[in-house]
Amino acid sequence: MSGFGIYVHWPFCAAKCPYCDFNSHVRQQIDESGWIDAIVRELEWTAAQQGTERPIVETVFFGGGTPSLMQGASVGRTLDTIARLWRTANVVEVTLESNPASADATRFADYRAAGVNRLSLGVQALNDKDLKMLGRLHNVAEAKAALALAMRNFGRVSLDLIYARPEQTLADWRAELNEALAFGTDHLSLYQLTIEPATPFATLYKTGALKIPDEDRAAELFELTQEMTAAAGRPAYEISNHARPGSEARHNLLYWRYGSYAGVGPGAHGRLDLRGKRVATQTERLPERWRDAVARNGHGLIEQSDVPRADAAREHLLMNLRLAEGLDLAAYRARWGTMPDAQRMQSLIDDGLLTRDGDRLSATPRGRLLLNSVIAALAD
Ligand SMILES: C[S@@+](CC[C@H](N)C(=O)[O-])C[C@H]1O[C@@H](n2cnc3c(N)ncnc32)[C@H](O)[C@@H]1O
Ligand code: SF4
């Protein structure tokens, strides 16, 4: 098994970025301690569900939205609640996502004192024109100052960049990625810009006002990213995630290795191993509806269902193949009593999309880029 982690969703942002379809909401004012009360209640409910099967917590992840809008005391109350309800590993990885526009020295020190030991910073771009185009509230100088502050306060820092932006050339991205790598963080999340339905970017894209690199150019940008990060000692360990070996995000690895995790807060997903079953959970997305449901029922779940074995096996395959380390076929067979079809596997190997080394099956970088069709070809 691959451990247990807890995901806490903080759904508020100072402004909504036009490309983003995360469960994030802008509110003039919030009663922060009331929201934390609800998170505490939902944690208590989750722990009660697990009963005597309560696993050891190895990772906690504050994601959003913008968790760096939370006060240190709120993060502290959440972590204290987790420590009260679960046994915890000797070293728990506690990550908090931060927006440079809300990075603050006192707050970072408070997070560290509360137990956060890893910070993930949404830098997105290293030129002011593109930051503006992305609707960000910070400029490059502010992003760099936030990064320096993060690196002074936390042993582990990751930065997010979005590439394959409108008009971005290979030379532009090479220069920007070089600069990002030179900051020296052990971890980088490098996402290709995706046009998400029902976002302002989707509207602009449909009318032709926003153009993004075509598939071939995007593939070139992806390959350049693989080469440069590998040469800088932070190769891809997942489609969009790069780290020095040993500095991978343990929480995210837990998803991709198909471990179990609880999700609390509005719109959070979970995958729990309960009474021999794989259980999928999902909570209300709208923050106020979630909070009212927690007040009524002790939880904001809109779904808690057993995942049929065949679906779980497929999810496991999909998650593992996102990783450079791939899938352990023997462990997979032991868990699910089934194997991917040998002929289909071989034909994807022949096409250069998968590789196999003994019991290890992994996607090539090109296969990872086309993962959905690889999985469809393998599992359907
Ligand atoms: C929850 S945000 C990170 C923290 C904070 N909210 C921020 O934006 O600074 C998660 C990350 O997802 C990425 N992201 C969101 N929407 C995206 C899109 N449409 N295409 C590519 N990356 C996206 C961004 O890099 C962002 O930093
Ligand atoms: S990218 Fe981050 S700051 Fe922007 S809307 Fe999404 S979650 Fe909020």
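This is a predicted model: local features need pLDDT of at least 70, side-chain atom pairs count only at pLDDT 80 or more; totals for chains, interfaces and linings use all residues.
Q: How do strands of a sheet pair?
A: Backbone hydrogen bonds join the strands of a sheet, in either a parallel or an antiparallel way. Here, an open sheet of three strands runs in the order E13-E15-E14, with antiparallel pairing. Its edge strands are E13 (327-328) and E14 (354-357), each of which pairs on one side only.

Q: What links E13 and E15?
A: Strand E13 and strand E15 (residues 360-363) are antiparallel partners over two bridges. To find the spot, look for Leu-327, which stands opposite Leu-361 in E15.

Q: Which residues surround ligand 2?
A: Among them are Cys-13, Lys-16, Cys-17, Tyr-19, Cys-20, Asn-99 and Arg-136. By class, the shell around ligand 2 has five nonpolar, four polar and two charged residues.

Q: How many cavities of 30 Å³ or more does the structure hold?
A: Let's begin with the general idea. Empty space shows up when a probe the size of a water molecule is rolled over the atoms. This structure holds two cavities of 30 Å³ or more.

Q: Which element gives the most to the lining of the largest cavity?
A: That is helix H1, with four residues. Strands E9 (260-264) and E12 (301-306) each supply at least two. The lining includes Trp-45, His-299 and Leu-301, and by class it has four nonpolar, six polar and one charged residues.

Q: What lines the second largest cavity?
A: Its lining is Arg-118, Arg-156, Val-157, Asp-186, His-187 and Ser-247. Of these, one is nonpolar, two are polar and three are charged.

Methods. Residues are numbered from 1 along each chain as its sequence is written. Chains are lettered from A and ligands numbered from 1 in the order in which they are written. Side-chain values use heavy atoms; hydrogens and water are left out. Two strands pair if DSSP finds at least two bridges between them. A residue is near a molecule or strand if one of its heavy atoms lies within 4 Å of it. Ala, Val, Leu, Ile, Met, Phe, Trp, Tyr, Cys and Pro count as nonpolar, Asp, Glu, Lys and Arg as charged, and the others, Gly among them, as polar. On a 1 Å grid over the protein atoms alone, a cavity is a set of points where a 1.4 Å probe fits but cannot get out, and a pocket is an open set with protein on both sides within 12 Å along at least five of seven lines; lining residues have an atom within 4 Å of a point. Grid points are joined across faces, edges and corners, and a volume is the space filled by probe spheres set on the points.
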